[in-house]
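Let's walk through a protein model together, one question at a time. Have the sequence and the 3D view open, and try each one yourself before reading on.

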Amino acid sequence: MLRRLFAVLCLWVLPLGASGPKWSLDRWFDSPRSPRIANYHIQATLDWQAKRLDGRETLSWRNTGAVPTRELPLHLYMNAFKGPQSRFMQEGGLRSSRRRSGQPQDWGYCHLKEVSLNGHALQGHFGEDETVWWVRLSEPVAPGETIRLQIAWETQFPRVTARTGWSGHFLMGAQWFPKAGVFQGDRWACAPYHAHTEFFGDFGTYDVELSLPNGLLLAHTGTQVNFQSAEDVTKDPDRPLNVIWKLHAEDVHDFAWAVMPARSWSYQKYEYRGVQIFYFFQGPNVDNLPRQHEAVKAALRHGTEWALPYPYPVLTVVDVPPEAHGADGMEYPTLVTASSVAFDPFRFRFAPELVTVHEVGHQWFQGILASNEVDEPWLDEGLTSWFTHRVMERTYQTLWGTRRFQIGTEFGEWIGYGGERSWDPITTPGPRMRNGWSYTTAAYSKPTLVLLQLEALLGRPVVEQAIRDYARTQAFGHPTAADFKRSLERASGRDLSTFWRDFVEGTGSLDYAIAEVETTEVMQGGWMMRNGQREFVPPQQVAPGRRGRIVLERRGEIQVPITLWVRLEDRSEHRLSWDGQSRWTAFTFDHPVVAAVLDPDGNHPMLKDRLHASYTQRPVRRGFHYWGQLVWGGVLSVLQGVGLG
Ligand SMILES: [Zn+2]
């Protein structure tokens, strides 16, 4: 077993040295890229059978706030899965059958054994629930001061639940260690683990030593610093059958890993633009690997172009086994979990590309631009969804548009935004949103469309310039929506207050409709005076014969000037402008209206319903694309149902 492990380990490390990187495995940057506020030395031993981790960590934390603090909160995320009483569970973070599970291995926890400072044990208390522990410090920590907390803990992984845990032979180690909150100004940001939110952490360095049983193959954030040769295997002195993996990462704000027996999965390594990219996958999914690799390259290219060059030397892509669905499609610094498809002979399905591009996009919009995902989830999910949309459009749309079904890349966004009412402004903190649907709409779908609306308003290069400005000025910090707005205003030179009020902070919709199209005959006749005599003339049509009339309605709350294009029966075409302020308006024409379209130039991507914003005399037929997609959707559902999805 050990010999096989040596072979695996040598494969794992040797290529790193071969290409002569400018960085070293245990030191990536000559000078820190981030403020390095929370730095972790972690040593943990995995009990593979029990899926339990016994850990100790030294947390070196610096007060970068404006005032002294007497407390330091620690996230104990795994306690969200301790039982149905956690906030996460009560908010519906798990389907009800799992919430009633009587199997102990379905549940997890993070038990804090001891927190000490300078050899003295510290007391504390839980916060709103057991996912946050507030450590009471013996003395206030002044701004600029650094403390080193010694923390001992035990983590029990649940069956895969919300991004983390085990399933079959796979274990995803995410949110697995006690982690400091973020102290900003005079207050801590350390929210309990909610059902509809993600995370927020300070940048720092991570030196992690994981003691794992022989024969397990580890995928992880950062670089591996030992196992440089067959002699360099670090055996665990306390556990003769274990080896210790020494790992390092710099200027990141989280650390994740995934493990499987080496016989169950393997990896391949590529290099692209100086980044070592590792793919971990199971044999049957090998077909997905080239597709994921193309997607990673596209995301790295466009991330560099639209934000800033990917700063880290490594990137790991974990293709999560199907039984661990729930851990896939997630982002961590320098590590993402991807999706794959098992049956796709004609490449009709695009999960391998879409999910990979999205998660790699998060390396910027969350990884490097570490906004608060609890308070402003749209800043990471929304900008990443916009990024995904743009990369997919640039890289794959031509391919899909010509050879496959015509699927608009914003299709997914429309399902969310067009189908649902906007209950919450996109600036709403995650836990205060109405429900999961509202969270998806406000954090993912609507922000993408808001950015497309901005592109139409300001021009695409201006929006790209603004995002580049946002990325370069806020990298390795905790930007807010105000920072993003400032970058947009700087790049465009415009005051965006009205736009912000309507689209970002409001819940109103942009909804204009062609409400009525009618034709009236121009008639003359009846009792008329002719040569001084009253005479009855039968009513008859006179020039121009028939008139067209069109009534427009503003059905949403947002008021914008909008263009109407019409074609009349005499084949003439007209463009008219309406300021869009009143609830309705009407236009008349000298000939009947044959066709009409509101916003013909696509200046308002957020127009709620383009069907009722257009008119034609002939009914629209449902053609091949409509029926084809319906049938294909049905086939996919069946495949998914029988486990081939
Ligand atoms: Zn995302």
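Q: Which strand gives the largest share of the lining of the largest cavity?
A: This is a predicted model, so let's start with the lining list, which includes Q175, K179, F199, M330, E331 and Y332. Now look for a strand that supplies three residues, the largest share. That strand covers residues 330-332, and it's β23.

Q: How do the residues lining the largest cavity divide into nonpolar, polar and charged?
A: Among the lining residues you'll find F199, F200, G201, D254 and P333. Phe and Pro count as nonpolar, Gly as polar and Asp as charged. Sort the whole lining that way and you get five nonpolar, four polar and three charged.

Q: What is the volume of the largest cavity?
A: The structure holds four cavities of 30 Å³ or more. The largest of them has a volume of about 70 Å³.

Q: Which strand gives the most residues to the lining of the second largest pocket?
A: Here we're in a space of about 500 Å³. Of its 32 lining residues, A189, C190, A191, N372 and D375 are the closest to the centre. The elements giving two or more residues to this lining are β7, β12 and β13. The one that gives the most, with three residues, is β13.

Q: Which class does C190 belong to, nonpolar or charged?
A: C190 is among the residues closest to the centre of the second largest pocket. That pocket's lining has 17 nonpolar, eight polar and seven charged residues.

Q: Is L53 buried or exposed?
A: L53 sits in strand β2, which covers residues 52-62. Leaving aside neighbours within four places in sequence, its contacts include A44, L46, W153, F157, W176 and W257. The C-alpha atoms of L53 and W153 are 8.4 Å apart, though 100 residues separate the two along the chain. With a relative accessible area of 0%, L53 falls under the 20% limit, so it's buried.

Q: Is N63 buried or exposed?
A: Find N63 in the loop between β2 and β3. Beyond four places in sequence, it's in contact with residues including P68, V141, P143 and F183. Its relative accessibility is 1%, so N63 counts as buried.

Q: Which residue in β21 is the bridge partner of E271?
A: Strands β20 and β21 run antiparallel and are joined by seven bridges. They form a hairpin with two residues between them, and R273 in the turn has a positive phi of about 50°. Follow E271 across to β21 and its partner is Q276.

Q: What is the relative accessible area of H302?
A: H302 is in helix α4, which runs over residues 288-306. Not counting residues up to four places away in sequence, it touches A307, F387, V391, R394 and T395. Buried means under 20%, and H302 qualifies because its relative accessible area is 7%.

Notes:
Residues are numbered from 1 along each chain as its sequence is written. This is a predicted model: local features need pLDDT of at least 70, side-chain atom pairs count only at pLDDT 80 or more; totals for chains, interfaces and linings use all residues. Side-chain values use heavy atoms; hydrogens and water are left out. Helices (H or I, at least four residues) and strands (E, at least two) are DSSP runs, numbered from the N terminus. Buried means under 20% relative accessible area, exposed over 50%, partly exposed in between (1.4 Å probe, protein chains only). Contact means heavy atoms within 4.5 Å. Two strands pair if DSSP finds at least two bridges between them. On a 1 Å grid over the protein atoms alone, a cavity is a set of points where a 1.4 Å probe fits but cannot get out, and a pocket is an open set with protein on both sides within 12 Å along at least five of seven lines; lining residues have an atom within 4 Å of a point. Grid points are joined across faces, edges and corners, and a volume is the space filled by probe spheres set on the points.
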